[in-house]
Amino acid sequence: MSTMRGAVRSLVVVLGDQLDPQSSAFDGFDPRVDRVWMAEVREESTHVWSSRIRIALFLAAMRHHADVLRQLGRDADYVTLDDAGNTGRLGTELSRALQRWKPLRVLMTAPGDWRVLKALRGAAAQSGWTIELRDDRHFFCTVREFSAFAGGRRSLRMETFYRHMRRLHGVLMVGDEPAGDRWNFDAENQQPFPRGGPGFVPERVGFPPDAVTREVIELVARAFPDHPGSLDDFDWAVTREHALHVLDRFIAERLPEFGLWQDALWPDTPWLWHAQLSAAMNLKLIGPREVVSRAEQAWRAGQVPLASAEGFIRQVLGWREYVRGVYWTHMPALAQANALDADEPLPPFFWTGDTDLVCLADALRQTLQLGYAHHIQRLMVTGLFSLLLGVRPAAVHEWYLSVYVDAVEWVELPNTLGMSQYADGGAMTSKPYVASGKYIQRMSGGQYCARCKYRPELSTGAEACPYTTLYWDFLLQHRARFVHHLRLGAQVRHLERLSDEDVLAIRDQAGRVRTRFAQQR
């Protein structure tokens, strides 16, 4: 350990998803003696095969944030991806910075990812420093508070946590009771579009790349030529000003209809009524408190229905906070979870979108082109297919982390392994989200199925929908586990209607489906 410390009092570490100049890391910051450190490293784009649009979003947002810090008088030691001597690893770059600046202390807002925290702590310790971690004020709930809430409970469910958070923070409350005398408006929300489709949908809010972002796009194209995804349509929010504009437009244009149509699907229509704020929130360009506050204010002003405001706030105050708590109280074991013993490979066409399943092809191609899909496309198209096929959960997780611009591990991993793939065996959700092709038919108004050669009502035969075949095969495989399940048992008991011949035909067709999709490129 160096004995020459003192020129720099504090080296403040800022990660690519901590782009908030008001974060706890800056409490007490003195520009005369403190210094900011940020680094672009190849490892963060290659530990999973990150899409180029996701890489570009992070790097562009980081560079804009560094400019903001400099404008605030906070000197930033910023290592770019193509800097000479860049080792490509976050830990070794931190070690180099520590030897360069020899600060009295190293401090940062707690990282969102277990892997990153472990790497940085290890690198600092090896160099003779200890990192001082500060709470991430971006969230409503600290990890300690979540752990205290979860401790001693026989089961952990989002709905219980959501009601606790509503009460604790006084959100959508009238005195001690929920607004409208109900906690949940799912009966009004989550409808399929009428036969004619979504009708008028507000224009997408996009931001043409400025000089900084164009430079990043060119760098990513050079540095990651074999990575998936497209850079042609990059127009994501990369500054706080951008994010606030997206929020303004969402509240005014999309939130009034959000609740009703939040689960609806329609071909070739990616944005629909969704907020498109998750990437900016996960980068910390904008905070959940201001997002929730704006949605509640819009309801109280009579600008949006209570059902829509509640449906949206549930996603932010409820689900988003819940999955973060689950992540930090269940890692690192959660990353290896595989309760259903799924071991099929991820089909190669997940990286191309070249499949004859129309609904799946639409979701995959959109994802690779835009870095985006809304939650039902993720849960009940790509996720459902992976679950029914029996893909190894870690492979599904790595794909989601790779391709979506809003994917950071604390939110993506529990969503994928817990909710989507049921790999945690029900620790996070009360049942596997399984359905046949009829669900997609209903939620898309039949539009996908009308274009597809497969029929969702059939489980066997040449025209059988693979979703439907694999749905019945899933129930057969896991019959003993779920036959007495409170929420899934009724679906499992439908197997009693099948003859022995039906069962054999379904199992045979499911085997052939798995073989075909494993080979399809």
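A nonpolar core is a set of buried Ala, Val, Leu, Ile, Met, Phe, Trp, Tyr and Cys residues that are joined through side-chain atoms within 4.5 Å. The views below show a predicted model.

**View 1. The largest nonpolar core and a second, separate one.** The largest nonpolar core has 158 residues, and the members that touch the most others are Met38, Leu255, Phe312, Tyr322, Leu360, Phe385 and Tyr467. Helix α11, which runs over residues 306-330, gives this core its largest share, 13 residues. A second core of 18 residues is separate, and Leu15, Leu90, Leu98 and Ile131 are among its members.

**View 2. The surroundings of Leu255.** If residues up to four places away in sequence are not counted, Leu255 touches Phe250, Ala295, Ala298, Val304, Ser308, Ala309 and Phe312.

**View 3. The buried and exposed faces of helix α5.** In α5, residues 143-150, the buried residues are Phe146, Phe149 and Ala150. These residues lie on the same side of α5, because they cover an arc of only 90° around the axis. An α-helix has 3.6 residues a turn, so residues three or four places apart point the same way. The exposed residues Arg144 and Ala148 are carried by the face of α5 that is turned away from its buried side, while the cover over the buried residues includes α6 (158-169) and α11. After α5 comes Gly152, which has a positive phi, near 85°.

**View 4. Thr429 in a loop.** Thr429 is found in the loop that lies between α15 (409-420) and α16 (437-443). Buried means under 20% relative accessible area, and Thr429 therefore counts as buried, with a relative accessibility of 4%. Not counting residues up to four places away in sequence, Thr429 touches Arg157, Trp319, Gly418, Met419 and Tyr422.

View 5. Pro332 is found in the loop between α11 and α12 (358-370).

**View 6. Positive phi at Gln276 and at Lys284.** Gln276 is not a glycine, although its phi is positive, about 60°; this residue has its place in the loop between α8 (240-261) and α9 (278-283), and at 11% relative accessibility Gln276 counts as buried. Lys284, also a residue other than glycine, has a positive phi near 75°. The loop between α9 and α10 (288-300) holds Lys284, which counts as buried at 8% relative accessibility.

How values were computed:
Residues are numbered from 1 along each chain as its sequence is written. This is a predicted model: local features need pLDDT of at least 70, side-chain atom pairs count only at pLDDT 80 or more; totals for chains, interfaces and linings use all residues. Side-chain values use heavy atoms; hydrogens and water are left out. Buried means under 20% relative accessible area, exposed over 50%, partly exposed in between (1.4 Å probe, protein chains only). Helices (H or I, at least four residues) and strands (E, at least two) are DSSP runs, numbered from the N terminus. Contact means heavy atoms within 4.5 Å. The arc is that of the directions from the helix axis to the C-beta atoms.
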